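Thank you all for coming, and please look at the structure with me as I go through it. I will start with the ligand and then turn to the chain itself.

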Amino acid sequence: MCGIVGYIGDGNVYDVLVKGLHRLEYRGYDSAGIALVAPDGRLNLYKAKGKVSNLEDYCRDKDLRAKAGIAHTRWATHGEPSDSNAHPHFSQDGRIALVHNGTIENYKLLKDALKQHGCTFHSETDTEVLVQLIEYIKINNDCSLLDAVREALKQVVGAYAIAVIERDHPDTIIAARKSSPLVIGIGDKETFLASDATPIVEYTKNVVYLKDGEVAVIKRDEPLKLVDLENKDCDIDIRTLEMSISQLEKGGYPHFMLKEIFEQPNTLRDCIRGRVVDDGKRILINGILDNKEKFLNAKRIVIVACGTSWHAGLLGKYLLQDMTRIPVEVEYASEFRYSNPVLDDRDIVIAISQSGETADTLAAVEIARKQGAFVYGVSNVVGSSIPRETDSGTYIHVGPEIGVASTKAFTGQVMVLTMLAAAIGQLRGTLAPEQVAELGKYIIRIPDLVTKVLGLAPQIEHLSLIYTYARNFLYLGRGYSYPVALEGALKLKEISYIHAEGYPAAEMKHGPIAIIDAEMPSVIIAPNDHLYEKIVNNVQQVKSREGSIIAIVTEGDKEIRELADHVLEVPAVPECLTPIITSIPLQLLSYYIAINKRKNVDMPRNLAKSVTVE
Ligand code: G6P
């Protein structure tokens, strides 16, 4: 949800900022803007509605010389996408510029008060209030920008990552965070700041993850300084980035999404590495080994997540119940947080989040911790908020996911949940050593089997041409294939804008069957598992209503092949591993359909990858 970048140094400020915005575009692309402090002391502001490339076009004939600057790419919350609502926002006198990611909840109150003092507003955003408030405090108290920012933030209710720059002090940027991410990169005589590390990694690997309530004072020729809102010094913890620049490029693929789909054999290998040992006989998850008592005494597991991560969570329920016999509930984090949850210290809450920053999931984590539950994170982005706020956790280690539609993170999450379930089952004795060994043997083979599934791409590309103009799709599955159906439908909706519904196959006869006709394709996920015969019946029910059927089946399948219009064969694996194998053809199907429709698969309309607002 909105990305911010800032830079002070001798490099080309405009280039650093715009490149950074491109890297953060997955966070929103409704508008982009940049504020540059020129060597002649002017503060130049350029904004454009739409993607960062529009801003670049707009800037072609502008004065881009700068000593420092801040920039923003927006996902609109308050006020429509427009030039006037684009950040940066300016103070009344045009001397201070500010970019913001987050939501100022009490902005109306602050706005009314400022209006009474003669402030005029030029946008409908909550953000503009903040810059006007900073200016008001600065003028009335005759204080520094740092002091004005600190005082203003004390009055703010809500979430923010901000960067502020002042015309009269071109060698300083003030930045601060509360609940929205902010990373500072420390280079050689240059300093960067950004919503995540992707704009920074090509310049320096030394980063500081700002904590809630910290304010950073970034000066051209001085070391970084961190203070709290009371101006007390805070410790600076410099970390080394593990990310590499090649992970942020398309690597010859036309889209990040396709690259990320094809990366899955490697990302799954990274995810498994060091966790399945002794040729698969043992599963080692440090977060579990370090907290054995918690997992031995657990009476319930509650999984909280949003979007695709919630689908992984639903699979987590099947996996954990099967292997550990602990009852599991799965909740949308956005509902859980307002459901007056009842938890205690024998509950384990698992928060799943690719970005580690989703506001609702983070709020769910806070509630769970307050109630004494043991909170375990499953995240991808190292150093993000959820891993920091949880008691323990496991990274999925699939590398940066740039495509807005999640693919490799989903399979990484499912793989981690499979290993977690097996490790807990191993610990509690609900899985026998032979069962662990059998599963471990297959987990090790999964990356190669995924390579084989990816070999279906040409067949799926061809198939996609037949269905590109379908207006509705039904995705059906049972057991482990039901969350896969939900995820398949979500992928199609997200990037092709075709209406698609995922449903438990047996429930279809209680409603959705009414809409099946020759115009309505059904994608049926039917690997050879213990519900196979049941789903054959469901396939027949669709067929007898003239619906066309695309079926994902296990190699060698005979029965469904007879009934389906198209079959995609995937290798045989134990039932609990089928979701990783069967979800990949669905990722490819949605990708190719969206491409046929000439949609922007990496940046689908209205969506953002990291949802840091409620
Ligand atoms: C957004 C993204 C989804 C993602 C969801 C949860 O809606 O577009 O791809 O699944 O947020 O994000 P998280 O980072 O918490 O997994």
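This is a predicted model: local features need pLDDT of at least 70, side-chain atom pairs count only at pLDDT 80 or more; totals for chains, interfaces and linings use all residues.

Let us look at the surroundings as a whole. There are 13 residues around the ligand, and those that come nearest are Ser309, Ser353, Gln354, Ser355 and Thr358. If we sort this shell by class, we find eight polar residues, four nonpolar ones and one charged one. Helix 10, which runs over residues 307-324, gives the most to the shell, with three residues. As for where all this takes place, the ligand sits in the second largest pocket.

Now I would like to move to the aromatic rings, of which the structure holds eleven pairs. In one of them, Phe295 with Phe374, the ring centres are 5.9 Å apart and the planes stand at 85°, and because an angle over 60 degrees counts as edge-to-face, this pair is edge-to-face. The two partners are 79 residues apart, with Phe295 in helix 9 (residues 292-297) and Phe374 in strand 20 (residues 374-379), so that the pair links distant parts of the chain.

Finally, the backbone. Most peptide bonds are trans, and most residues other than glycine have a negative phi. Here, however, His87 and Pro88 are joined by a cis peptide bond, with omega at about -5°, and Pro88 is found in the loop between strand 4 (68-74) and strand 5 (89-90). Lys189, in turn, has a positive phi, near 60°, and its place is in the loop between strand 9 (183-186) and strand 10 (191-194).

Notes: Residues are numbered from 1 along each chain as its sequence is written. Side-chain values use heavy atoms; hydrogens and water are left out. A residue is near a molecule or strand if one of its heavy atoms lies within 4 Å of it. On a 1 Å grid over the protein atoms alone, a cavity is a set of points where a 1.4 Å probe fits but cannot get out, and a pocket is an open set with protein on both sides within 12 Å along at least five of seven lines; lining residues have an atom within 4 Å of a point. A molecule sits in a cavity or pocket if more than half of its atoms lie within 2 Å of its grid points. Helices (H or I, at least four residues) and strands (E, at least two) are DSSP runs, numbered from the N terminus. Ala, Val, Leu, Ile, Met, Phe, Trp, Tyr, Cys and Pro count as nonpolar, Asp, Glu, Lys and Arg as charged, and the others, Gly among them, as polar. Rings of Phe, Tyr and Trp (its six-membered ring) pair if their centres lie within 6.5 Å; planes under 30 degrees apart count as stacked, over 60 as edge-to-face and the rest as tilted.
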